[in-house]
Each structure stands twice: as structure tokens, then as C-alpha cells.
Amino acid sequence: MSAISTSHTDELVRIRGLRTQLGSKVIFDGVDLDIPRGRVTAIMGPSGTGKTTLLRHITGQLVPDAGEIVVDGHDLSKLDRNALFDLRERIGYLFQNSALLTDFSVFENVAFPLRQHARLPEELVRNVVLMKLQAVGLRGAAELMPAELSGGMARRVALARAIVRDPTLLIYDEPFVGLDPIALNQVVKLIRVLNETLGLTSIVVAHELSAVSRVSDEIYLLAAGRVAAHGTPQELVRGATDWTRQFFGGEADGPVPFHYPARDYAADLGFAQVRP
Amino acid sequence: MSEKRDSGSRLGDGLAQVGALGLFLLQVLAAIPRSLRYFAETVRQIFFVGAMSLVIIITCGLFIGLVLGLQLYEVLSRFGSTASVGTVVAIALYRELGPVITALLFAGRAGTSITAEIGLMRATDQLAAMEMMAVDPMAYVVAPRFLAGIVAMPLLACIFNALAIFGSHLVAVSWLGLDNGTFWSNMTGAVDVWTDVMNGVWKSAVFGAVVTLVATFQGYTTAPTSEGVAYATTRTVVYSSILTLVIDFLMTAFLM
Amino acid sequence: MTQRRSHQIGTGLFILLGFTALGYLATQTTSLANYRQGPTYALKARFTNIGQLKLRAPVKVAGVRIGSVTDIQLEPDRLEALVTLAVDRRFNQLPDDSAASVFTSGLLGDQYVALKPGGSPDMFKDGDEIILTQSSVQLEELIGKYLVGSGDSPARKPEEAKPADPAPATPDPATH
Ligand SMILES: Nc1ncnc2c1ncn2[C@@H]1O[C@H](COP(=O)(O)OP(=O)(O)OP(=O)(O)O)[C@@H](O)[C@H]1O
Ligand SMILES: [Mg+2]
């Protein structure tokens, strides 16, 4: 695989002035964010702040209303479809809901990116796929169909598929959800090992603070359409701002609204008169 | 959210849908050259939309033939023209009934399953996953099904017609006693390969394109929920049936 | 992989079946079926009026096809239509006093040449001419004749026109 390109900047992804509106809801209102090369960067934030949306921007699945997104030196807004696909061939993406192809067996799902983009001998495909399945502990499940997997198993298969081509950038959308403590430990280790041995850059979106602080070098905390905090796990846990204290402490009241924007509660229940 | 505004904008919604379908057609056509590298996928889809529709096509073809034989024998005997049963059955089938009924059955059998399948791919992020693996779903998912529809539909219509001819022969000759030679010689005297048989073949190729286009469009643009997929499946049957009949009229009136 | 293989085989069989059906429809149920006939012998017949008789129109005995019209010429001197028929060699037992008529299949169908076997002990040979011929009966003529002849209510025209027909419109065994 073509490894990291020798660009001068030491960040793989650079986002400036990102603004996005979906429907009537403003998701991002001026986000600046850098993903350093060769590190594991975690993105955290309350549910519905737009973490998945941010990942969709980084991979060019969604075009922002304003702002600049540069991935490995390429301004995404200037790439045509082919160039974007070339870039994506070097990105592994773990979907929040696994997104395995239901027509294919576990083996064929993991082999899919290999078969699509490289004419490899069958023997080699087999070895690579079984290696990746071994890494997530599911080599024995190779012949199962996606419908026969549990949610946690499906996520690990999706992880094997994301890493099968040894990408430059690996994006994990909630990799720890639905894993038992053993599998979770393995996945945490796997992310670190991939990062250290292959020099990958990783972006991890997750909620589990303990796992995140073990796996990541840096954390971005998103809230209310902006970057609310940024730093190493230790800095964020220690340097208590209102945002971080509430988020990591899990308190319902604070600057991060627990509630989706809504009308006045009392009015909704009909206790107060709504003026016409 | 007033009721009136909803029904007032329905016409606009309909036009927008037609426009979106047209744009989708252009995208599919543009994706066809890229889809040629997934030839095996097209072959697989011909199996799913074609071979898997055989049972319903064969059954319906046979029974339509039986009924046509009965009805036409009865009606034509009023004019002393029972000798033309075979001719009328063949011409009606080749030019109209074969392509149209096959298209309607195809919409119900293959169209719905295409919509449900692609809709589910949308709802479970499989299409997005393909995009992320640098595989264009237009070329890998949509275009092969579209091509498979164009290939499979004329073949299905021919099989349908052959069974229907067989059925009408069964009724008119074996049951009602029409002379076998009369049945065939009248038919072969009046039916033409190009203006009747091939005409129907071109028609059904167009219908195959129409039904699979609507089915893939509905699946591709479905709301990513189980309810959305259910609605999209219904819409596939309704829209592709209507569109088939409208295009049938236009083709018959202006091209043939 | 084996599943993929079975899909490929299934697709192949399906395409084969479809093209078989198409081939059958195209060659057995259309006018193409008439090209592909065995050895024939030629007969000629003169008609004063052949109506809408066309090339490749069937030649029938007792309603069953035995050949087709291969040529239609106007004889310059006699101003009659000279029609050449190709008759299947299997039907070489046609008495040489058989009569040829141009008939219409059904009330409004295509026209064909009907041969009515005679009683002569001698049979037609290749190139013979059929002497006894009857020209096409024009529906318009019949109607015209009838209207002039009686001037009756036009509403009853179709019913009256039918018995005036010199021969049953369809030599269909089932209706006899
Ligand atoms: N297609 C859409 N149209 C309108 N709004 C959308 C659309 N997709 C997402 N949203 C909104 O965007 C917001 C961010 O969604 P996103 O999926 O990025 O959240 P998230 O941070 O990943 O949350 P979670 O942690 O629960 O996965 C949500 O409030 C959602 O309601
Ligand atoms: Mg998310």
C-alpha cells in the first residue's frame, strides 16, 4: 500500500470554518479542527451534535455549506469523482451500524474491497482476509452470512473490512458500541497496534471515556456546533471547564443541553397558555 | 401543515418526481460503461429478475392463452371466423398483451424485490459503505439491474407468448375441435416476424427499462426507514404500471 | 463462489429458454413458417379479378394449407391475372378438373386461393393450368348489387349480405 505521502504539513486532515445546516438545524457553526498524522484522535460529544456528520464531511460523502476541508493535501471541494474515489481507496471507514453487504458471506464482505480494486491471486486474498478476521477474533465465522451475526460480531467484521487494505486513514464511528469487555479490550489494543506498527492515522468517534482515554492521543469535544474543548485526555479530564466537567461527569445540567431543542415543556403539556 | 396546501402541491410533487426520474435515468446511462467491469453482477441480476420470474410468467401465460382461446372462439364463431382464432390470439399477444401483461407481472415480481433490496441497502448504509470503499453504487448496484431488466423482459415476454399460444391451441384445437392445420395456417398466413413478433420484443425491452428504472429509483431514493421502504415498494408497482401503459400508448401511436 | 456459479448456469438456461421461445414464435407462427417448405410443384390459374390476393397467400384444400401463391402477373393481351401457385409435393393427388377460387378468410380476413377437388381420374402435374376458376367476390359489389336490387332497409344489410355469399366464407370444419 502507498503509505503516508511526504507532505510538509503534519496534519492529515485540516478543517477550517466549517458550516453545515441539515434541514432547519444548524449542525456546525464554524468548526476548526486538525487531525495530526500518525496519531489517534478522538472526537467526542453529546449524541446528535454531528460527529457522524463530521466524518461524512471528511470523506466527501456530504458537502458542507461553507468552509474548507483538506485531506492529505487535497481540498475536497476541488476533487472530481474519480479523484475522490482514489482518495477513498486509502481510507478505511467503520460505519456506526456496520453496513455489511447482506448478499455476501463474512469472508466475501472482508474480501470485497480487495476484489474491487486489486487483481490479486485468490490465495493471497484468502490469506489477507483470514489475517484480518483473526485480528478481530472471527476467523471461525468466515463462512457465516451477516444475518447470522450478533451486533457486536457484525461490528468486528466491519472493522476487519475497514482495515483490509491497510489504509492511510482509518475512521471509526463508535467502534466500542455493543462489544463485551473482552472484545472491547481487543479492539482498543487493535486500534493502538495498527496505529503504532503501520503508522496509520486514526479518527475515533466514541462515548466511552475510559476506552477513549486509553486509545487516543488527542480529544476534540464537539458541542453546539463548535469545538468545545481540545487537548490530550489528561488535559481534558484535569483542566475542568464547564463543558468537560459536565460531559465527562455525565451531569444533565450544564452548558451542554441534554434536550433536543424544543418548545417550552409546560406549554407542550398544555399547562401554560400559548399566545396566538 | 394545512390539508389544502398538501393537495395543492401534489401536482408539483408529481412533476418533481418525473424530473428526478429523468435525471436518474441520465445518471444510470452514464454509469453503464463503468458497470461493464461488474459483468458478473449483471449476469447474477438476470438470474434474479429473469429466471426467478419464470414461474409466474409461465403460469399466467398459459392461463391467458386458455382464456383467450375460449373467448375468441366463442366470439369469432358468431361471424363464422373461428379459423382466425390462432391469428387473433397471436397478433394480440405479440403486439400488446404479451409485452404489457409481462411488464405488469414483472413490476409486481421483480420490480418490488429490486426496490426492497436497494431500499434496504440505503437504510442499512450499505450504499454509503460502497461509496466509502470507492465502489460506485450506480455502477455496481443500479446499472446491472437496469441492464438485466432490458435483457430479461423480452425473453420473459417471448416465453409468456409461447405459453399463451400453446394454451389457446389447447382450447381451440384439442378441446373445441378446430382443425389443427386451419389454426396454424391462418396464423402463419397473417402474422409477420418484423411488424408483429419483433415489434413486441422492442416494446418489452423498453418496458423492462421502464420498470427497472422506476424500481431502482424508488429504492435508491427511499426514506431510510422500514416504513419508507414499504412505501417505495408500493410506489414502484403503481408508477411503473402507469408509466408502462402510457409509454405503450405513445410507442404504439407514434413509432409503430 | 459455488452459489455464484449456479446463478451463472441459471442465467444461461434462462437466456437459452427465452431465445428458444423467440425462435419458435418467429419461425413457426409467422409467415416465415411458409418459406421453409418441402419440394413443391407449380400450378397456374387465371382470374378476372383477384381482389386483395397477395404474394405468399395460402393455397388451401378443405381449409388446410397445401401451398402458397408465388407469382401474380397481369396478362397484357387478355387483361386477366395469371397466378402461379406452389403446391406441396405431398399433395399430388389433385384431380385435373379441380376448381380454384379466391376466398376471404372470415368476413374481413385475408384472401387465399381455395382448391375444390373435382372427380377426374387424371391428376395435375407440374406446370399445369387450372381451367375452372372463380374470381374474388367483392363485398362492396355484393352490397351494391343488393342495395340497387331491392332498396330495402340498410339496417338489415349485413344479415342479408351473408347468404348472398356464393360459398361459405370459411371452409371451417368446426362450423359445418
Ligand atoms: N438528513 C438529515 N436531515 C436533517 N437533519 C439531519 C440529517 N441527518 C442528520 N441530521 C441531524 O444532524 C444531527 C447530527 O447527526 P449525527 O448523526 O451527525 O449525530 P452524532 O453526533 O453522530 O450522534 P450519535 O452520537 O447519536 O451518533 C442530528 O441532530 C440529526 O437530527
Ligand atoms: Mg453518529
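This is a predicted model: local features need pLDDT of at least 70, side-chain atom pairs count only at pLDDT 80 or more; totals for chains, interfaces and linings use all residues.
Ligand 1 is surrounded by 14 residues, the closest being A:Lys25, A:Ser47, A:Lys51, A:Thr52 and A:Thr53. By class, this shell comprises 8 polar, 3 charged and 3 nonpolar residues. Two elements of chain A, β2 (25–36) and α1 (51–58), each contribute at least two residues to the shell, and α1(A) contributes the most, with 3 residues. From the side chain of A:Gln96, a polar atom lies 2.8 Å from an oxygen atom of ligand 1. Of the 640 Å² of accessible area that ligand 1 has on its own, the protein covers 64%.

The size of an interface is often expressed as the accessible area lost when the parts come together. Between chain B and chain C, about 3100 Å² is buried, with carbon and sulfur atoms giving 69% of this area. The contact involves 41 residues of chain B and 36 residues of chain C. Across this interface, 0 salt bridges are counted, and 3 residue pairs are in polar contact, both residues of each pair being at pLDDT 80 or more. On the side of chain B that touches chain C, the elements giving two or more residues are α3 (39–49), α4 (54–77), α7 (137–175), α8 (180–190) and α9 (193–220) of chain B. That side is made up of 26 nonpolar, 11 polar and 4 charged residues.

The contact between chain B and chain A takes 19 residues from chain B and 21 from chain A. The buried area is about 1800 Å², of which 57% comes from carbon and sulfur atoms. In chain B, the greatest losses of area to chain A fall on B:Met132, B:Met133 and B:Ala134, which together account for 37% of what that side buries. The interface of chain B and chain A contains 4 salt bridges. A:Asp103 forms a salt bridge with B:Arg44, in which the closest N and O atoms are 2.8 Å apart. Elements α5 (85–123) and α6 (126–132) of chain B each give two or more residues to the side that touches chain A, and α6(B) supplies the largest share, 6 residues. The residues on this side of chain B divide into 10 nonpolar, 7 charged and 2 polar.

Note on methods: Residues are numbered from 1 along each chain as its sequence is written. Chains are lettered from A and ligands numbered from 1 in the order in which they are written. Side-chain values use heavy atoms; hydrogens and water are left out. A residue is near a molecule or strand if one of its heavy atoms lies within 4 Å of it. A polar contact is a pair of N or O atoms within 3.5 Å; within protein, one must be able to donate a hydrogen and the other to accept it, and residues adjacent in sequence count only if both atoms are side-chain atoms. Accessible areas come from the Shrake-Rupley method with a 1.4 Å probe; for residues, only the protein chains shown count as cover. Helices (H or I, at least four residues) and strands (E, at least two) are DSSP runs, numbered from the N terminus. Ala, Val, Leu, Ile, Met, Phe, Trp, Tyr, Cys and Pro count as nonpolar, Asp, Glu, Lys and Arg as charged, and the others, Gly among them, as polar. Contact means heavy atoms within 4.5 Å. Buried area is the accessible area (1.4 Å probe) that two parts lose on being put together, summed over both. A salt bridge is a side-chain nitrogen of Lys or Arg within 4 Å of a carboxyl oxygen of Asp or Glu.
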